[in-house]
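Subject: Structure handover

Hello,

Here is the structure I promised to pass on. Please open it first, then read the notes below.

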Amino acid sequence: MGCLYFSIPIVGGWHVMQWAIGKSHESIGPKGEKLEIKEVQGIGQTATIDGEMTRIGAGGVGMGVKLAASDTHDQERSKKMLAKILKESRRRNRKQREEAK
């Protein structure tokens, strides 16, 4: 009986996610083909609103909290670190597979 009560939210959640993915594909396309603007507008705490670069977050539009800002240098550094981590992970997995043989 416990298995039944456990599996109902899992199966229900899966169906909700499939529905949401379908709605997303209807509105923007599977890979974003229907989007008018296909590139990210602004970096960090800036956004392009009505053609103007506007500061958002603390001290800007909405006077909200300070947003986590990353410029192009931070993004490149993050990409390099992620590539290094993934390369090490692949090497470790390959080594484990070879040892298991």
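Predicted model: local features only at pLDDT ≥ 70, side-chain atom pairs only at ≥ 80, totals over all residues.

Start with helix α2, which covers residues 72–100 and holds Arg90. Arg90 is partly exposed, because its relative accessible area is 48%, which falls between the cut-offs of 20% and 50%. Arg90 also belongs to a positive surface patch.

Now the overall layout. The protein has two helices and two strands. Along the sequence they run α-β-β-α. The protein has 101 residues, and 7% of them count as buried.

Next, helix α1. It takes in residues 2–28, 27 residues in total. At 1.5 Å a residue, α1 should span 39 Å. Its end C-alpha atoms are 40 Å apart, so the two values agree. Gly29 follows α1, and its phi is positive, near 90 degrees.

How many salt bridges does a search of the whole structure find? It finds one. The partners are Glu26 and Lys23, with their closest N and O atoms 3.9 Å apart. That pair counts because the limit is 4 Å. Both residues lie in helix α1. They are three residues apart, about one turn of the helix.

Are the two partners buried or exposed? Glu26 is exposed, with a relative accessible area of 53%. Lys23 is partly exposed, at 41%.

Best wishes

Conventions. Residues numbered from 1 in each chain as written. Heavy atoms only, no water. Patch = residues over 30% accessible without salt bridge, like charges linked within 9 Å, V, L, I, M, F, W, Y side chains within 5 Å. Areas by Shrake-Rupley, 256 points an atom, 1.4 Å probe, with all protein chains shown as cover. Salt bridge = Lys/Arg side-chain N within 4 Å of Asp/Glu carboxyl O. Lys, Arg positive; Asp, Glu negative; His and termini not counted. Charge placed at Lys NZ, Arg CZ, Asp CG, Glu CD. Helix = DSSP H or I, 4+ residues; strand = E, 2+ residues; numbered from the N terminus. Buried < 20%, exposed > 50% of the residue type's maximum accessible area, 1.4 Å probe, protein only. Expected span 1.5 Å × (residues − 1).
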